[in-house]
Every structure is written in structure tokens, then in C-alpha cells.
Amino acid sequence: MKPLALCGLIAALMLASCAVAPPASHRQEMLSRRIADDAVAFNEAYGQAVSGQILLNILRARDRMPRYYLSMTGINDSPSQSMTQSGGIGSIPLGDGAAPWGFGGLNMERETSSRPTYSVEPFSAETLTRTAFQPIEPYVFAHYWQSGWPHDLLFFLLVERVTISDAQSSVSYVNEANNIQSDCTNADTSGCAFVRASRAFLQEIENQRPDRSASSGEPVCGLVESYGAGRALRAAQAPQGQSCDPRIIVGGKTYELSLRSLDDAVYYVGELMRPGGMISGDAPMEAPIVIRAAGLRGGGAGVPLFRILKHDEGASGYAASTLYAGQRYYAGPANGRSCREAAQDGACRDDAPNGDRSSSVLSLLAELLALNQSPDAIRAPNRLLTE
């Protein structure tokens, strides 16, 4: 090959390679977008998996079927790439007595295929006991109580029994879901006795500010908060190897709380949904007890603690979706401030038809599921990026 033709071939190859290789800045932008998109997609997939598992177990509890809890040990996505390339050399005749002009061509194709892999496994016996069957730790309840979560939601969902005592007497109320009917407005059963006592307590502290803890105050093991105690109090550590049930002091009364396990909380919600499960058609199943959101504009009469919808066709915008007994169920619609629209006066409608607290219940149970596990039980998704 003559030098002139060789130079032409080299130039053509260089132009072809520039055409198929994007500049470095563009590759960097593509990589950044891929990482951001992967993070969002994995977050969404993981959230749907955890929330769907909780909703599935609530439906099993409704039917008094065994509940099962699985760990999802991360999402791995390692793209595989294949590359093909081809080249050719030809010539263009330039007429009599002239040397032909050479040219070259280069074709390159790169294909990336990706199929995320993940592992869904049963918990070990030790992790399952700690995760699902042991009562919630008192410090966990205290964290949510002091973090602005609706107190009635925490009380009804996480407290199995409350013992109210003062200098003269002590009485206990058990939170039994199967005895709760019609928001406990007319019934007189043990479950409703707990609901009425809890609402009286919550109404009493609604407009009170918690007392400030004093380092030199009277030690109270398990103290969460006190309201108008009339004396300086401070939380005290439990004796080594022991634990203290959470205590809330209001004036001269002490409210001692016995907490549920995660599985008990799931079963409680499922038991509340049982009457609704007997309704035919696509009518929503609603818990026969209502709660009110803290700080919601306009107050409101309260909305069901949990609501499950059944659809024949797919739906979007729900925190949880699961297939159970051949039927698709949904819970936790994405309603702004739990209201579908604002009233003319600008206040949220916080009533049974418009409000929904199911997302809060699912979020709380999902967080407890994660908090109760060992660090290795749920690992962060990861992706191996190749260029």
C-alpha cells in the first residue's frame, strides 16, 4: 500500500473511532444518570417488596392463617456487555496513470444487558424471634412517641395493655381487636374499654407540654414523658439484665404500657380487618376504629386506622400491593396530607371517606421490621458498573 493510501486509511479509522466514542464529559453524565436512576429504582423496588410483605401478612392474619417474614438481602445488578467490530479497506480509481485512493471503514457495536438478582430468604430462628416475636423495645416506643408520630396510632397499634395507677388504685385495660366495634362509641367490651381509657388519656395531654427532665429529679425506670407531675422526674436505667415497661406520668397517675411484638401488631391490624373481609364485591375493608393525625389543619372526626382496597385491574400510587388468594389488594394511597382535596376554607378534609392513615401504619411496621433485625439481615442494594 502506498504511503498516501495508508495515510487516508489511518485518517478514516480515526474519524470512525471518534464517531462511536462519546466524549468524556458525556460518558460522565451518562454514568451519573445511571447511578441516580438505579438508586431510585432500587429504592422503589425495595419499598414495594417490604410493604407488600406486610400487607400480605395482614391479609393472612385477617383469615387467621400463618404469617411468614422473609429477609431481602440486597439487589445486585452487574451488567454484561458484548462488543462487535468490523473494518474494511477499499479503493477509489482516480483515472489512467493515477494511483487509486484508499479508504477504510470501521463499525463498532456495544450491547449491554442487565438482569438484577436478589435473594429472598427465611430469617434464622434467632433473627426471626428478635424481629417478629419479641416485644418492641421501650426505647423504640419512646423514640416514636417523642418524634411527632400520632399518639393515638402508636397507642392502638403498639400497646397491648395499659395499667393506670395512682395512690389509691390500679386498673388494667387490654387492647383486644376482636372486641372493637363501631369505633367504640356504643360498645362496652374489654377492647373498647382500652380505647376509651386511651382516648381520655390522650385528650388530657393534648394541649399540655411535657415536663422538662431534671438531672437531680426522682428516677423513674422506663419514663417516656411526664405531664404536670408536680415534681422533678428523670428517666432511670433499668437494672442490669432487666427492662422496664414504658411509663407516662400525668399528674398523680402513672400509665404503664405493655408493648406488642411486630407480629402481634400485624395480627392486630388483620383482626381489625376481619369484618370487612366478609363484604362481597370491591368495597374497601376498613378498621372499625379511627385515629386523628397530629397537627392536621381543621382537626377532623378521624379516619380508619387501616384500609384495604381490592381491584380487578391494576392501580398505581399505593404504598403496598400484593397478590393474595388470586386477588390483587392495595393499601396506602398517596393522598396529600391524607386528604384528596382541600375544602373551600382551605382546611383538609379529615373524615372517613377522604382520609387514609394506611401509609403511616405500613411505614411504622416496615421501620420496626428493619430496626429489629441484625445489620446483615438487610443489606443495601449494590450495582457493579462497567464501562
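Mentor: The lining of the second largest pocket has ten nonpolar, four polar and one charged residues. This is a predicted model, where local features need pLDDT of at least 70, side-chain atom pairs count only at pLDDT 80 or more, and totals for chains, interfaces and linings use all residues. Residues are numbered from 1 along each chain as its sequence is written, and side-chain values use heavy atoms, with hydrogens and water left out.

Trainee: What makes a residue nonpolar, polar or charged?

Mentor: Ala, Val, Leu, Ile, Met, Phe, Trp, Tyr, Cys and Pro count as nonpolar, Asp, Glu, Lys and Arg as charged, and the others, Gly among them, as polar.

Trainee: Which residues lie nearest the centre of the second largest pocket?

Mentor: Pro138, Tyr139, Gly222, Leu223 and Ala236, out of 15 lining residues. A lining residue has an atom within 4 Å of a pocket point. The volume is about 300 Å³, taken as the space filled by probe spheres set on the points.

Trainee: Which element gives the most to that lining?

Mentor: α4, with four residues. α4 (138-146), β8 (223-227) and β9 (233-236) each supply at least two. Helices (H or I, at least four residues) and strands (E, at least two) are DSSP runs, numbered from the N terminus.

Trainee: Why are α4 and α5 called roughly antiparallel?

Mentor: Their angle is about 155°, with the axes 9 Å apart. Angles under 35 degrees count as roughly parallel, over 145 as roughly antiparallel, 65 to 115 as roughly perpendicular and the rest as oblique. Therefore α4 and α5 are roughly antiparallel to each other. Their crossing is right-handed. Phe141, Tyr144 and Trp145 of α4 touch His151, Leu154, Phe155 and Leu158 of α5, where contact means heavy atoms within 4.5 Å. By class, that contact has six nonpolar, one polar and no charged residues.

Trainee: What makes α5 oblique to α9?

Mentor: Helix α5 (residues 151-158) and helix α9 (residues 358-371) pack at about 60°, with axes 11 Å apart. So α5 is oblique to α9. In this contact, Leu153, Leu154, Leu157 and Leu158 of α5 meet Ser360, Val361, Leu364, Leu365 and Leu368 of α9. The tally is eight nonpolar, one polar and no charged residues.

Trainee: How do you know that α7 is roughly antiparallel to α9?

Mentor: Look at the angle. Helix α7 (residues 262-272) and α9 pack at about 160°, with axes 10 Å apart. That value makes α7 roughly antiparallel to α9. On the α7 side, Leu262, Ala265, Val266 and Val269 make the contact, and on the α9 side, Val361, Leu365, Leu368 and Leu369. These residues divide into eight nonpolar, no polar and no charged.

Notes
Axes are lines fitted to C-alpha atoms, for helices over the stretch in contact, and angles run from 0 to 180 degrees between N-to-C directions. On a 1 Å grid over the protein atoms alone, a cavity is a set of points where a 1.4 Å probe fits but cannot get out, and a pocket is an open set with protein on both sides within 12 Å along at least five of seven lines; lining residues have an atom within 4 Å of a point. A crossing is left-handed if the near helix is turned anticlockwise from the far one by less than a right angle, and right-handed if clockwise.
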